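I opened a new model today and kept notes as I went. The entries follow the order in which I looked things up.

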Amino acid sequence: MVEMRVFGLTIDPQSKTPIVVLREASGDAVLPVWVGAMEAMAISLVLNNESLPRPLTHDLFLMTLKAFKAELRRVEINDLREGTFYAVLVLSGPEGRTRVDCRPSDAIALAMRAGAPILVEEEVLRLSAEEQQRAEKSTAVEVTTPIPDAATDMVRRVGAQKEADMLGGALLRHGELPPSLSADEETRYREMLRSLDPVSRRKM
């Protein structure tokens, strides 16, 4: 399995669905995962080092594990079938280790809070990459110049983390691009988002 880290958040321009971008910890592999709005908010809070006065659901889950002397050891995104990602939580406690079925969006939010590794099966990365390639081919006739894979492009650019977080946060707050953007910036952001349009929506 490949260890991944959360690289940032963005928005699908068609469905307005949040996307969490995972990047290989020691390489360039990238995995965009479509998530729900609440899970995106939970992930964004950790990315921005924000805290709330009362625990949210993911915090409560980890507090409950601790109360029972158990802990989250890692999360695994282990399958991609018909546009749906599948994941499991690997827990350890007094009775030993156990695996619990979990939505990848919740698994990612929990792993970030617990500091637990996020592991992805190599087959999942391969299947996702194939879908992205098919999406790029299907839109190639509609654009005059090729649009690079947005997630990979973000990884390669200096300062991309800050830019991606700013854009994702602005879109989550306002539901549209900030009106203060220049024409060139707006065009760049729209092209970046359009290139992440999936072949099929990943149900979480």
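**Entry 1: the chain as a whole**

I read the elements of the protein chain from the N terminus on as β-β-β-α-α-β-β-β-α-β-α-α-α-α. That gives 7 helices and 7 strands. Helices (H or I, at least four residues) and strands (E, at least two) are DSSP runs, numbered from the N terminus.

I noted the ground rules next. This is a predicted model, where local features need pLDDT of at least 70 and side-chain atom pairs count only at pLDDT 80 or more, while totals for chains, interfaces and linings use all residues. Residues are numbered from 1 along each chain as its sequence is written, and side-chain values use heavy atoms, with hydrogens and water left out.

I looked up burial. Of the 204 residues in the protein chain, 43% are buried. Buried means under 20% relative accessible area, exposed over 50%, and partly exposed in between, with a 1.4 Å probe and protein chains only.

I then looked at contacts, meaning heavy atoms within 4.5 Å. I took those between residues at least 6 apart in sequence, and 57% of them join residues at least 24 apart.

**Entry 2: the nonpolar cores**

I looked for nonpolar cores. Each is a set of buried Ala, Val, Leu, Ile, Met, Phe, Trp, Tyr and Cys residues joined through side-chain atoms within 4.5 Å. Which residues of the largest core touch the most other members? They are Val-20, Leu-22, Leu-72 and Ile-108, out of 35 residues. Helix 3 (residues 104-114) gives the most to this core, with 6 residues.

Leaving out residues up to four places away in sequence, Ile-108 touches Val-6, Val-20, Leu-22, Ile-43, Ile-77 and Ile-118. Apart from this core lies another, of 5 residues, including Phe-7, Val-21, Val-30 and Trp-34.

**Entry 3: helix 3**

Is helix 3 enclosed or open? I found 9 of its 11 residues buried, so helix 3 is largely enclosed by the rest of the structure. The buried ones are Pro-104, Ser-105, Asp-106, Ala-107, Ile-108, Ala-109, Leu-110, Ala-111 and Met-112. Just after helix 3, Gly-115 takes a positive phi of about 70°.

**Entry 4: helix 1 against helix 3**

I turned to helix 1 (residues 37-47). Helix 1 and helix 3 pack at an angle of about 20°, and their axes are 9 Å apart. That makes helix 1 roughly parallel to helix 3. Axes are lines fitted to C-alpha atoms, for helices over the stretch in contact, and angles run from 0 to 180 degrees between N-to-C directions. Angles under 35 degrees count as roughly parallel, over 145 as roughly antiparallel, 65 to 115 as roughly perpendicular and the rest as oblique.

I listed who takes part. Helix 1 brings Glu-39, Ala-42, Ile-43, Leu-45, Val-46 and Leu-47, and helix 3 brings Ser-105, Asp-106, Ile-108, Ala-109, Met-112 and Arg-113.

I also wrote down the buried residues of helix 1: Glu-39, Ala-40, Ala-42, Ile-43, Ser-44 and Leu-45. They pack against strand 1 (2-11), strand 2 (18-24), helix 2 and helix 3.

**Entry 5: two loop residues**

I checked backbone angles. Asn-49 has a positive phi of about 55° although it is not a glycine. I placed Asn-49 in the loop between helix 1 and helix 2 (57-67).

Lys-69 sits in the loop between helix 2 and strand 4 (71-81). At 67% relative accessibility, Lys-69 counts as exposed.

I ended on strand 6 (residues 96-102), where I found Asp-101. At 62% relative accessibility, Asp-101 counts as exposed. What does Asp-101 touch, not counting residues up to four places away in sequence? I found Ala-87 and Val-88.

Arg-97 is exposed, with a relative accessible area of 52%. Its contacts, not counting residues up to four places away in sequence, are Arg-73, Arg-74, Val-90, Leu-91 and Ser-92. I also noted 9.6 Å between the C-alpha atoms of Arg-97 and Glu-71, which are 26 residues apart along the chain.
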